[in-house]
Amino acid sequence: MISSGPVLPGRTIGILGGGQLGRMFAIAARRMGYRVHALDPVQDGPAGQVADVEWVAPYEDVDTARRFAAAVDVVTFEFENVPTETLSAVAERVPVYPSPEVLHTCRHRLHEKRFLSGNGFPVADFEEITSEATLVSGVARLGTPSILKTAELGYDGKGQVRINDASDVPRAYAELRGRLGVLEAFVPFSCELSVIVARSRLGEVVPFEVVENRHSRHILDVSLAPARIPPKTRAAALELASAIAEKLGLVGVLGVELFHLPNGEILVNELAPRPHNSGHYTFDACMTSQFEQQLRAVCGLPLGDPTLLRPAAMANLLGDLWQNGEPLWEKAAAFPDVKIHLYGKTEARPGRKMGHLVAMAETAEIAAERVLAARSALVRP
Ligand code: AMP
């Protein structure tokens, strides 16, 4: 059933999930002459607007997923929480990359942490939380502050609560609402880094440059490429991300989020088995984008050159920017060194990722100044 030859331009790629990651993937794929089908529960989504065919169905609709699978040559995804039954039904008919096993590991914090620590990759100390009593003993062992996260369906800081002292335990436990949790020791990081790494069906492993990330309200705000870190740390981060991709047996693209400690040590925060927000700059600033790399990896083509052509910075555009009306696009367009990316979302909600800006300059710091100036210029008074 699973064919081994490359999927060449002209063939059809299926993408599970119809958000901005799928949209940028579809743009990269169509540029190389592939046809794209996107499956998502919501009509006229960011990926569907760009795909050849938009399939609209709930992720639980296994019958539609089967018909979708029959219409394409290979499937990848941009949304990792597709139900297991749907994924299995698709994988019976057509190759799915990354494999459902990789997904099983990466979409569950406990599976992921056990995979990482079991293979000697550095992570913050953690405890499995199954009851209030295990949270009490976990907080006693890991100390405060510590962070309680839901094992599943958490992203952008959703499903996560900080425990500052033992008296916070009942409130924090209540927020789990009976779900399985993971308690993590608080990491006093000096900065957050990420590495996007690709591994192809042919086993080739290629990381992109290390990126430095700043968050606001737990959501990625700004990324700087390259990260301002010593060469030794850079080499260690690239090596770590590549080793994780290899150990996972990944086929596709993996976002590896890292904490950089003041003593130079790096810890893995989490893995995302798909293109990552902190890699959006690659679309403008690298020889090959993370989306084209995902395409090459899952199609069994040789990977592209990830070289950063120019230092760059990316700033997210959240729905909050729309609070006084449509942002002033012509003001951002007046920055000739800034690229505007919008995802085609019609409803701007606070915290919703609507688009991003990328600036390129002589250094990542100057690019960050430019991108932030362009973003400020968008704000309608
Ligand atoms: P996550 O959804 O796990 O990536 O967490 C979102 C953000 O919360 C991270 O990017 C960090 O800024 C912060 N965070 C998460 N876990 C920890 C931790 N164990 N120690 C310190 N900060 C954390």
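The model is predicted, so local features need pLDDT of at least 70 and side-chain atom pairs count only at pLDDT 80 or more, while totals for chains, interfaces and linings use all residues. Residues are numbered from 1 along each chain as its sequence is written, and side-chain values use heavy atoms, with hydrogens and water left out.

The chain as a whole. There are 12 helices and 17 strands in the protein chain; these are DSSP runs, numbered from the N terminus, with helices being H or I of at least four residues and strands E of at least two. The radius of gyration is 21 Å, close to the 21 Å from the globule rule for 381 residues, so the chain is as compact as a globular protein of that length. That radius is taken over C-alpha atoms, and the rule is 2.2 Å times the number of residues to the power 0.38. Along its principal axes the C-alpha trace spans about 60 × 50 × 45 Å.

Of the 381 residues, 56% are buried, meaning under 20% relative accessible area with a 1.4 Å probe, protein chains only.

Now Glu270. Is Glu270 buried or exposed? Glu270 is buried, at a relative accessible area of 19%. Its side chain makes a polar contact of 2.8 Å with that of Arg109; such a contact is a pair of N or O atoms within 3.5 Å, and within protein one must be able to donate a hydrogen and the other to accept it, while residues adjacent in sequence count only if both atoms are side-chain atoms.

Notes: Buried < 20%, exposed > 50% of the residue type's maximum accessible area, 1.4 Å probe, protein only.
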